[in-house]
Amino acid sequence: MGKIVIAIDGYSGCGKSSTAKAVAKALGYTYIDSGAMYRAATLHFLNHYLLASNPHDVEKGLKTLEISFHLNPETNIQETYLNGLNVEDEIRTMRVSENVSQIATIKEIRRELVAQQQRLGRKKGVVMDGRDVGSVVFPDAELKVFMTANLHTRSVRRQAELLEKGELVDLEDIKKNLASRDQVDSTRAEGPLKKMEDAMEVDTSDISFDEQVKAIVDRAREII
Ligand code: C5P
């Protein structure tokens with residue numbers, strides 16, 4: 001069949017991005033982090049004191065928003081740039097996490113980012129993770145995956161990730177942030193998070209990282 005599109009959606013902090021990266025590596029595909037784009041947009045709005053509730057601010061913010069990804073040759077990691085500046089670390093801070101779901105409810109912002117994501121995946125051979133990838137960005141994706149894990153497991157993993165980057169955050173605060181993002185992401189009008197009927201469900205609470213990657217790579221190879 002040749003190259004396909006793999007759409008990985010799911011709740012916050014269930015390991016979508018590390019899984020998607022490993023799947024992309026195994027298949028020689030490009031990994032695209034759609035959440036990083038919403039995070040970069042959020043940072044842009046925060047930095048410029050723009051309000052997502054003000055249509056004038058939304059228009060102004062979108063006009064001056066330029067997001068791109070560049071491969072860091074030393075780490076071999078795709079890093080996120082906002083208007084030419086590397087924001088890979090800044091977009092993962094709690095300051096951004098606490099505001100991103102609100103920004104992601106704005107339909108003008110979603111439409112712009114979805115259009116950019118569709119352009120990035122036009123040539124196929126991509127693994128993209130997010131919330132609406134299998135439903136809105138690539139409804140015809142050849143492989144759709146819906147990832148879940150229980151809230152406690154997700155929070156512990158997220159806490160370790162933040163600590164590795166030097167940010168010590170209380171577990172309860174992380175739980176609250178993940179639960180509130182899930183709630184906003186699942187109930188918004190535009191591109192809500194939901195499991196598509198044709199998606200393969202992967203619950204990562206009790207399986208190892210290698211097992212979850214293998215399950216997806218094996219399914220992709222059956223299709224390719
Ligand atoms: O994937 P990550 O947790 O980094 O995404 C951050 C936030 O960006 C999500 O909580 C969600 O509000 C938003 N998002 C989205 N649609 C996507 C990807 C992320 O609304 N496709």
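Helices and strands are here DSSP runs, with helices of at least four residues and strands of at least two, numbered from the N terminus. By that rule, Y49 is found in the loop between α2 and α3 (55-63). The model described in this report is a predicted one.

**Overall form**

The protein has 9 helices and 8 strands. The UniProt record, in an unreviewed entry, places the feature "domain: Cytidylate kinase" at residues 6-221.

Taken along the principal axes, the C-alpha atoms fill a box of roughly 50 × 40 × 40 Å. Of the 224 residues, 40% count as buried. Contacts between residues at least 6 apart in sequence can be sorted by how far they reach: 73% of them join residues at least 24 apart.

In soluble globular proteins, nonpolar side chains tend to be buried together. In this model, the largest nonpolar core has 50 residues, of which I6, A7, A40, A41, V127 and V145 touch the most other members. Helix α2 gives the most to this core, with 7 residues.

A7 shows what such contacts look like in detail. Leaving aside neighbours within four places in sequence, A7 is in contact with M128, V133, G134, F138, A141, K144 and V145. A141 counts as buried because 24 other C-beta atoms lie within 10 Å, and the cut-off for a buried residue is 20 or more. Not counting residues up to four places away in sequence, A141 touches V5, I6, A7 and G134. The C-alpha atoms of A141 and I4 are separated by 7.3 Å, although these residues are 137 apart along the chain.

I216 lies in helix α9 (residues 209-223). Its C-alpha atom is separated by 7.1 Å from that of V23, which is 193 residues away along the chain. Apart from neighbours within four places in sequence, I216 is in contact with T19, V23, V145 and V202. I216 counts as buried because it has 23 C-beta neighbours inside 10 Å.

**The annotated binding site and the ligand shell**

The UniProt record, again in an unreviewed entry, places the feature "binding site" at G10, Y11, S12, G13, C14, G15, K16, S17 and S18. S12 lies in the loop between β1 (5-10) and α1 (16-27), and G13 is found in the loop between β1 and α1.

Which residues does S12 touch, not counting residues up to four places away in sequence? They are R154, L178, R181 and D182. With the corresponding neighbours left out, G13 touches R154, S155, R157, R158 and L178.

The model also has a shell of 14 residues around the ligand, and G35, Y38, S101, A104 and G130 come nearest. The elements that give two or more residues to this shell are α2 (34-47), α4 (94-103) and α8 (171-187). The largest share, 4 residues, comes from α2. By class, the shell has 4 nonpolar, 5 polar and 5 charged residues.

**Burial of selected residues**

| Residue | C-beta neighbours inside 10 Å | Class |
|---|---|---|
| S12 | 23 | buried |
| G13 | 24 | buried |
| Y49 | 7 | exposed |
| K124 | 16 | partly exposed |

A residue with 12 or fewer such neighbours counts as exposed, and one with 20 or more as buried. Y49 therefore counts as exposed, with 7 C-beta neighbours. K124 has 16 and so counts as partly exposed.

**Two residues with positive phi**

Y49 has a positive phi of about 55° although it is not a glycine. K124, likewise not a glycine, has a positive phi of about 60°. K124 lies in the loop between α5 (107-120) and β6 (126-130).

Note on methods:
Residues are numbered from 1 along each chain as its sequence is written. This is a predicted model: local features need pLDDT of at least 70, side-chain atom pairs count only at pLDDT 80 or more; totals for chains, interfaces and linings use all residues. UniProt positions are given in the numbering used here, feature names are shortened, and annotations may be inferred rather than shown by experiment. Two residues are in contact if their C-beta atoms, placed from the backbone, lie within 7 Å. A residue is near a molecule or strand if its C-beta atom, placed from the backbone, lies within 6 Å of it. Ala, Val, Leu, Ile, Met, Phe, Trp, Tyr, Cys and Pro count as nonpolar, Asp, Glu, Lys and Arg as charged, and the others, Gly among them, as polar. A nonpolar core is a set of buried Ala, Val, Leu, Ile, Met, Phe, Trp, Tyr and Cys residues joined through C-beta atoms within 7 Å.
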